[in-house]
Amino acid sequence: MSRREIRDQIFKILFRVEFYDREELENQIALFLEDLHADEKDSAYIVSKIRDIFAHLDEIDAQINAGAEKWKTGRMAKAELAIIRLAVYEMKYEEEIPVSVAINEAVELAKTYGSDHGASFVNGVLAKLV
């Protein structure tokens, strides 16, 4: 899988788990991977990133809430929230991913999965966090 495809899959898991309790995370990851049919290396990478994102989720959400005026994480659409969380994780915790790439990839995900104004919303929130 390409990095973009992996990022897409990580977003889908982040979005999916928004509808379940955090205690269901491991079960939801396992169910998702059953349907994914990815090779072992890609699956392990995806699981590692999801777990790391959730390990930092309180810090990530605090950064989003601090930067997103009038739009706290509890009010955001679930797709855009998952995209922003992934991008903030990449911007703050993934040294090999340039900030501009994280933002661009987030905007592309929002164009595909977000609302009509999702891409501009995601871009605006992330721009305030740089």
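Predicted model: local features only at pLDDT ≥ 70, side-chain atom pairs only at ≥ 80, totals over all residues.
How many cavities of 30 Å³ or more does a search of the whole structure find? The search finds one.

**First stop: the cavity**

Rolling a probe the size of a water molecule over the atoms shows where empty space is left. The largest cavity found here has a volume of about 110 Å³. To display its lining, select Arg3, Ile6, Arg7, Ile10, Tyr45, Lys49, Ile53, Leu86, Tyr89, Glu90, Glu94 and Ile97. Next, colour helix H1 (3–17), helix H3 (40–55) and helix H5 (78–93), the elements that each give two or more residues to this lining. H1 gives the most, with four residues. What classes of residue make up the lining of the largest cavity? Seven are nonpolar and five are charged, while no polar residue takes part.

Two packed helices are described by the angle between their axes and the distance between the axes.

To see the contact, select Leu57, Glu59, Ile60, Asp61, Gln63 and Ile64 on H4. Then select Ile84, Arg85, Val88, Tyr89, Lys92 and Tyr93 on H5. By class, the contact of H4 with H5 has seven nonpolar, four charged and one polar. Finally, select Tyr89 by itself: this residue lines the largest cavity and also belongs to the contact with H4.

Conventions
Residues numbered from 1 in each chain as written. Heavy atoms only, no water. 1 Å grid on protein atoms, 1.4 Å probe; cavity = no way out; pocket = protein on both sides within 12 Å on 5 of 7 lines; lining within 4 Å. Points joined across faces, edges and corners; volume = space filled by probe spheres on them. Nonpolar A, V, L, I, M, F, W, Y, C, P; charged D, E, K, R; others polar. Contact = heavy atoms within 4.5 Å.
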